[in-house]
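Please look over this model with me.

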Amino acid sequence: MRQTIQSLEGSKIRQVVNASLGQPDVLRFWFGESYEVTSLAVREAAVRSLMAGETFYNFNLGLPELRESLAAYMRRVHASAAAPVDADRIAVTSSGVSALMLATQALVDPGSEVVVVTPIWPNLVQQSVIMGASLKAVPLKPVDGEWVLDLQALLAAVTPATRMLVLNAPNNPTGWTLRRDEQQAILDHCRKTGTWILADEVYERLYFEPTPNACAPSFLDIAEAEDRLVVAHSFSKTFLMTGWRLGWLVLPPTLTPHVSKL
């Protein structure tokens with residue numbers, strides 16, 4: 001019976017999806033990807049790589065040239081960062097979700113306490129559950145049509161017993177984004193409690209407020225290299241490369257070798 005119900009529900013969903021595809025005034029918000037295909041320059045580079053026979057196992061942390069390029073990209077985007085990102089802080093991963101899972105595996109043990117700001121992409125909750133963590137949720141609140149963080153409630157939830165705080169800003173699904181003062185308060189508090197911050201910032205370039213670096217506020221702008229901060233990124237959202245399954249992590253240099261082993 002359950003399978004029958006699920007099949008009917010799936011059929012109805014497909015009908016809605018198919019109907020909406022032919023409607024130019026329907027915005028498809030349920031997919032985290034663009035209407036546009038990956039740029040021609042990227043596709044041509046991939047073809048050249050394949051034809052050159054570059055099909056063998058890679059370095060655990062990614063091609064050194066790619067790590068250098070990503071570090072340079074992060075330094076451009078976060079030019080005023082307290083600690084410019086070097087290649088020894090970059091780990092290339094097979095997708096953004098793999099980046100988040102690797103970070104969770106590196107930091108969370110069975111029984112660890114994890115605090116997460118919700119609503120959030122479900123994988124970010126379930127990764128900690130998979131690792132046997134104990135979760136505490138701090139929900140955003142809708143105020144006058146805007147999602148708002150109760151900062152004091154979040155700070156109260158994060159204690160010395162909290163192993164990791166999970167934040168996704170700009171947020172999927174709400175669009176909520178942390179302000180710089182909120183980030184600073186959170187970072188200062190987590191320094192005191194010894195809590196790791198896992199910041200999913202894959203949507204940082206999809207931000208429409210005017211800023212010097214044309215992206216959302218990032219923890220990388222204010223953190224030191226050895227702060228207990230891991231930032232996840234993805235090629236999918238910024239570079240229209242959802243099908244390529246490429247992501248990267250920005251880590252404290254001392255954590256990078258451990259992520260390499262994972």
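The points below cover the sheet, a helix pair, a pocket and some local features.

1. Ground rules. This model is predicted: local features need pLDDT of at least 70, side-chain atom pairs count only at pLDDT 80 or more, and totals for chains, interfaces and linings use all residues. Residues are numbered from 1 along each chain as its sequence is written, and side-chain values use heavy atoms, with hydrogens and water left out.

2. Strands are DSSP runs of E with at least two residues, helices are runs of H or I with at least four, and both are numbered from the N terminus. Two strands pair if DSSP finds at least two bridges between them.

3. Strand 8 (residues 229-234) and strand 9 (residues 247-250) run antiparallel and are joined by four bridges. Ala-232 has Leu-249 in strand 9 as its bridge partner. Contact here means heavy atoms within 4.5 Å. Axes are lines fitted to C-alpha atoms, for helices over the stretch in contact, and angles run from 0 to 180 degrees between N-to-C directions.

4. Two helices. How do helix 4 (residues 96-107) and helix 5 (residues 122-130) cross? Their axes come within 10 Å and cross at roughly 35 degrees. In helix 4, Val-97, Leu-100, Met-101 and Thr-104 meet Asn-123, Leu-124, Gln-127, Ser-128 and Ile-130 of helix 5. The residues of this contact divide into five nonpolar, four polar and no charged. Ala, Val, Leu, Ile, Met, Phe, Trp, Tyr, Cys and Pro count as nonpolar, Asp, Glu, Lys and Arg as charged, and the others, Gly among them, as polar.

5. A pocket is an open set of points on a 1 Å grid over the protein atoms alone, where a 1.4 Å probe fits, with protein on both sides within 12 Å along at least five of seven lines; lining residues have an atom within 4 Å of a point. Of the 35 lining residues, Asn-58, Leu-63, Leu-66, Val-92 and Leu-246 are the closest to the centre. The lining has 22 nonpolar, 10 polar and three charged residues.

6. Cis bonds. Thr-118 and Pro-119 are joined by a cis peptide bond, with omega near 0 degrees. Pro-119 sits in the loop between strand 2 (113-118) and helix 5. Ala-169 and Pro-170 are also joined by a cis peptide bond, with omega about -5 degrees. Pro-170 is in the loop between strand 6 (162-168) and helix 7 (180-193).

7. Two residues to check. Ser-95 is not a glycine, yet its phi is positive, about 105 degrees. Ser-95 lies in the loop between strand 1 and helix 4. Leu-262 lies in the segment after helix 9. Its C-alpha atom is 8.6 Å from that of Asn-60, 202 residues apart along the chain. Neighbours within four places in sequence aside, Leu-262 contacts Leu-102, Gln-105 and Ala-106.
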